[in-house]
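Subject: Structure for your study

Dear colleague,

Please find below the structure that I am handing over to you.

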Amino acid sequence: MTQSTITDKFQTTIPLEVRRALKLSPRQKVAYEVRSDGSAVMRSVPRLDDLFGSLKINRPVASIREEKQAARAAMARKVANKGLK
């Protein structure tokens with residue numbers, strides 16, 4: 001069993017064995033689950049970059065030009081619906 005010590009400020013160093021097992025990197029977030037039996041589980045929280053490509057979309061991704069055109073059209077519709085005051 002791997003151990004570490006808690007400081008007076010309730011901080012600890014995550015042992016190398018645990019960092020490797022959880023594939024942790026500096027400044028990465030971790031989540032804790034406290035269980036009813038008094039134990040706790042620490043899990044790594046995936047970064048946004050890690051999630052890129054994890055969702056499959058059934059349409060091609062819009063180009064920057066298409067996104068700008070869609071934004072302009074949406075703003076024009078909004079102004080047209082409100083009318084000039």
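Arginine 27 lies in the loop between H1 and E1. Helices (H or I, at least four residues) and strands (E, at least two) are DSSP runs, numbered from the N terminus. Please note that this is a predicted model, in which local features need pLDDT of at least 70 and side-chain atom pairs count only at pLDDT 80 or more, while totals for chains, interfaces and linings use all residues. Residues are numbered from 1 along each chain as its sequence is written, and side-chain values use heavy atoms, with hydrogens and water left out.

Arginine 27 is exposed, with a relative accessible area of 82%. Here, buried means under 20% relative accessible area, exposed means over 50%, and partly exposed lies in between (1.4 Å probe, protein chains only). Although arginine 27 is not a glycine, its phi is positive, at about 65 degrees. Lysine 23 is placed in the loop between H1 and E1 and is exposed, at 70% relative accessible area. Lysine 23 is not a glycine either, yet it has a positive phi of about 55 degrees. As background, most residues other than glycine have a negative phi.

Is glutamine 28 buried or exposed? Glutamine 28 counts as buried because its relative accessibility is 15%. Glutamine 28 lies in the loop between helix H1 (16-22) and strand E1 (30-34). Its side chain reaches the backbone nitrogen of serine 25 at 3.0 Å, and a polar atom of that side chain lies 3.3 Å from the backbone oxygen of valine 45. Both are polar contacts (a pair of N or O atoms within 3.5 Å; within protein, one must be able to donate a hydrogen and the other to accept it, and residues adjacent in sequence count only if both atoms are side-chain atoms). Not counting residues up to four places away in sequence, glutamine 28 touches Lys23, Ser44, Val45 and Arg47, where contact means heavy atoms within 4.5 Å.

The two strands

E1 and E2 pair in the antiparallel sense over 5 bridges; two strands pair if DSSP finds at least two bridges between them. Valine 34 stands opposite alanine 40 in E2. The hairpin of E1 and E2 has 5 residues between the strands, and glycine 38 takes a positive phi near 95 degrees in this hairpin.

The largest pocket

The largest pocket holds about 330 Å³ of space. Of the 13 residues that line the largest pocket, the closest to its centre are Ser4, Ile6, Thr12, Tyr32 and Met42. On a 1 Å grid over the protein atoms alone, a pocket is an open set of points where a 1.4 Å probe fits, with protein on both sides within 12 Å along at least five of seven lines, and lining residues have an atom within 4 Å of a point. Grid points are joined across faces, edges and corners, and the volume is the space filled by probe spheres set on the points. E2 gives the largest share of the lining, 3 residues.

Two further residues

Threonine 13 lies in the segment before H1 and is exposed, at 57%. Leucine 48 lies in helix H2 (residues 48-51) and is exposed, with a relative accessible area of 70%.

With kind regards
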